[in-house]
Amino acid sequence: MLDVFNERDGDRRRAAIARIYAPEVRFSDPDETVVGHQALDAKAQHILDGAPGFVFRPDGPIRVSDDLGYLAWQFGPAGEAVVRGVDIATVADGVITRVYTFLITE
């Protein structure tokens, strides 16, 4: 997922989306649910446009259990976590089919 949400080059990001996500992927965060590659690309672009110089970084190990994946992450400039969150994803046939994003507020 970091290959998509850290990629500012649209062509490379769309190639990563095609490689990593199912065509009808559903991505839900506290703001909205988007469906499909094109909507996911637009979502990633919107996030990156709103935070120049920010990058996503893992905030712990990736955990996998059967068809579920869990990734805690942080988002901010190098060395700083402005936002923290967790992504939980379902996987089928080697691609992500559903993502739930939770923001961690303290």
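**View 1. Packing of helices H2 and H3.** In this predicted model, helix H2, which spans residues 10-20, packs against helix H3, residues 37-49, at an angle of about 135°, and their axes lie 10 Å apart. With that angle, H2 is therefore oblique to H3, and the crossing in which H2 passes H3 is right-handed. On the H2 side the contact is made by Arg13, Arg14, Ile17 and Ala18, while H3 contributes His37, Leu40, Asp41, Ala44, Gln45 and Leu48. Sorted by class, the residues in this contact of H2 with H3 are five nonpolar, two polar and three charged.

**View 2. The largest pocket.** The volume of the largest pocket is about 410 Å³, and its lining is made up of 20 residues, among which Asp29, Ile47, Phe56, Trp73 and Leu103 lie nearest the centre. At least two lining residues come from each of helix H1 (2-5), H3, strand E5 (68-76), strand E6 (83-92) and strand E7 (95-104). By class, the lining of the largest pocket holds 13 nonpolar, three polar and four charged residues.

**View 3. The second largest pocket.** The second largest pocket, with a volume of about 210 Å³, is lined by 14 residues, and those nearest its centre are Met1, Ile62, Gly69, Tyr70 and Ile96. Two or more residues of this lining are given by each of the elements E5 and E6, and E5 gives the most, with four residues. The lining of the second largest pocket divides by class into 10 nonpolar residues, one polar residue and three charged residues.

Technical notes
Residues numbered from 1 in each chain as written. Predicted model: local features only at pLDDT ≥ 70, side-chain atom pairs only at ≥ 80, totals over all residues. Heavy atoms only, no water. Axes fitted to C-alpha atoms, helices over the stretch in contact; angles between N-to-C directions. Parallel < 35°, antiparallel > 145°, perpendicular 65-115°, else oblique. Left-handed = near helix turned anticlockwise from the far one by under 90°. Contact = heavy atoms within 4.5 Å. Nonpolar A, V, L, I, M, F, W, Y, C, P; charged D, E, K, R; others polar. 1 Å grid on protein atoms, 1.4 Å probe; cavity = no way out; pocket = protein on both sides within 12 Å on 5 of 7 lines; lining within 4 Å. Points joined across faces, edges and corners; volume = space filled by probe spheres on them.
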